[in-house]
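Please look at the arrangement of strands and helices in the structure shown here.

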Amino acid sequence: MRIEQLGEGDPEIAVVGGIHGDEPCGVRAVERLIADRPRVDRPVALVIANEEAAAENRRYLESDLNRSFPGDPEGATHESRLAHALGEAIGDCTTLALHSTQSYERMFALVDELGDVEREICPRLSVDAVVETGAAEGRIFDAIPTTIEVECGYQGSEQAAENAVQVTREFLGATGVLPDVAGPRQSDLPVFRLGEAIPKGAAEEYEVFAENFEEVLAGETFAAADGEGVVADEAFHPVLMSPYGYEDVFGYTAERVGTLSG
């Protein structure tokens, strides 16, 4: 793990890239800040989490870091030990964690639940939606509770890297680190609550017909496995839906619960 700091004092703000080693956008954004060293009004910790996995362009070495929190200093895997170290280093910080996906070309945010901090920051980010994930064992929220995760676009794309730089600057503007940066103010930003995973059976070829965040109606065919359609039993909004993003699931159901303004 690599940690650099801008500004003097104990950071209350952090930016983390490289939680998954095969998602380079966050690493690029953190490295850009380290190289540019902009003037800051508040100290900020800049973290490249799983340096070893990133060097090999692997998601992880032994276990998924974002399923390993809060970790264990004597843990059996590299990622378990790393999760503990990351929590010890920035566990009290308001944190932006940068990711990318195989399911969506633009940006959206994920939070454990919407609190005052999240309601203040998320409208200042160029994201299409906010997703409340709820309790999910082993994720970063178990060690760094005040975290906003942002999916920055398609994994490995130049656009995702550019998006990561942009949303990082917006986050640092919203938290008072970069005083001259003003992001958008989206009072009507839609909020979704994550539901169940959508399993996919063994097949040679998968297809997805639904668009993420756009409602799928009951009875609608939203995906297929080897040409056999998968039909919705009830209406839902798809999140992280893609043919090959996950090994065993197409993605997740979600319920639209309103907007940040109510």
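## A strand pair

Strand β8 (residues 190-199) and strand β13 (residues 249-259) run antiparallel and are joined by eight bridges, where strands are DSSP runs of E with at least two residues, numbered from the N terminus, and two strands pair if DSSP finds at least two bridges between them. Within this pairing, L194 stands opposite A254 in β13.

This is a predicted model, in which local features need pLDDT of at least 70 and side-chain atom pairs count only at pLDDT 80 or more, while totals for chains, interfaces and linings use all residues. Residues are numbered from 1 along each chain as its sequence is written, and side-chain values use heavy atoms, with hydrogens and water left out.

## The sheet and its helices

The open sheet has 10 strands with mixed pairing, in the order β1-β3-β2-β4-β7-β5-β6-β8-β13-β12. Its edge strands, each pairing on one side only, are β1 (2-6) and β12 (237-239).

Helix α1 (residues 24-36) packs on the sheet and touches β1, β2 (13-17), β3 (44-48), β4 and β7 (147-154), its direction making about 135° with that of β3. Helix α3 (residues 78-90) lies across β1, β2, β3 and β4 and runs at about 170° to β3. Helices are DSSP runs of H or I with at least four residues; contact means heavy atoms within 4.5 Å; axes are lines fitted to C-alpha atoms, for helices over the stretch in contact, with angles from 0 to 180 degrees between N-to-C directions.

## Residue T94

T94 lies in strand β4 (residues 94-101) and counts as buried because its relative accessibility is 16%, the cut-off being under 20% relative accessible area (1.4 Å probe, protein chains only). Leaving aside residues up to four places away in sequence, T94 touches E12, I13, A14, V117, I121, T146 and F171.

Note on methods: Buried means under 20% relative accessible area, exposed over 50%, partly exposed in between (1.4 Å probe, protein chains only).
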